[in-house]
Amino acid sequence: MKKAIVFILTVLLTSSVFANPKTEVKNLLKQHNKAMQEHNIERVKTFYSDDYISSDGFDITDMEDMLKKTYSSYKDIKYKTKITSMTVNDNWALVQMTDKSKAKVYPNNDKKYKDKAGYLDGKSVYNVYLTKDKNEWKIVYDEILAEETSLRYGIAKKIDMELNTPVFIKNGGDYDLSLKMKKPDNVIALGSISREEITYPVKDYTEKFRKIPESGDLERLVKANDKNLGEYAIASVGFSTVSVNQEATKARIQIVGMAYLMKRINMEKIPPKHIKKEALVENKK
């Protein structure tokens, strides 16, 4: 009899745990992260609704293509996600999360050149919206609130650099971008600052490099797009040294480091119609 009671209580407790909407959502996001870690794109897709759309207008096909390119370029990329807040109703959930990504990039994908490896670091803050249909939770919408990524090679891995941007920009308005760094002595630094609209496929943009002064500061005034699209601010920096032979007849220029910094800048957005207003109001409380 005691064994039967213990068994019944265990079943009831287990059922109540799995029936808890917050637990269900947490478990789904945990499995989603696991699939991302394993680079299992087909598994990742199963967590999304057929109606999924991102705040940037990307659908499930775009996301699949972006993941393929990411995993191809950064074969050992790892993600670390954390839930910072959660609002769950019976059939709707809104979760705010943070994400950190890291990877090493080897020349020609050959790990024997460990000293020449580049280091990718990324971090982001974003909201994920989920709906429950037929007893199954699915991601229907997400929006990135903040995002920064850097890729550094050589001495750039040891140099403090900061890309400064506004938090929000006005549609079609002007805004300032600046790069600040502690430039080493006896090193020449060439840099470029630009902006690009967040679209997919990614459009090509032209970089115009100029010498970074000894102060280490580089600034540029740019104009935002007039399509109400978010943008990325991008800074590219190359570091080189110059040496001459004893006869001072030949100069040798050697590239000793490179860095790419990217930072997201948002515009005000209106969520798609299939995102319930109640979920947005609940998030503001």
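**Close-up views of a predicted model**

**View 1. Tyr48 and Tyr52, an edge-to-face pair of aromatic rings.** A pair of aromatic rings is described by how far apart the centres are and by the angle of the planes. The count of aromatic pairs comes to 3. In one of them, the ring centres of Tyr48 and Tyr52 are 4.8 Å apart and the planes stand at 75 degrees, so this pair is edge-to-face. Both Tyr48 and Tyr52 are buried.

**View 2. Phe58 and Tyr200, a pair that links distant parts of the chain.** The ring centres here are 6.2 Å apart and the planes of Phe58 and Tyr200 meet at 70 degrees, so this pair, too, is edge-to-face. Phe58 belongs to the loop between strand E1 (48-54) and helix H4 (60-73), whereas Tyr200 belongs to the loop between strand E8 (188-197) and strand E9 (210-211), and the two residues are 142 residues apart. Phe58 is buried, with a relative accessible area of 12%.

**View 3. Ile193, a buried residue in strand E8.** Ile193 is part of strand E8, and its relative accessibility is 5%, so it counts as buried. From Ile193 to Arg210 the separation is 17 residues in sequence, while in space their C-alpha atoms are 9.6 Å apart.

Notes. Residues numbered from 1 in each chain as written. Predicted model: local features only at pLDDT ≥ 70, side-chain atom pairs only at ≥ 80, totals over all residues. Heavy atoms only, no water. Phe/Tyr/Trp six-rings, centres within 6.5 Å; stacked < 30°, edge-to-face > 60°. Buried < 20%, exposed > 50% of the residue type's maximum accessible area, 1.4 Å probe, protein only. Helix = DSSP H or I, 4+ residues; strand = E, 2+ residues; numbered from the N terminus.
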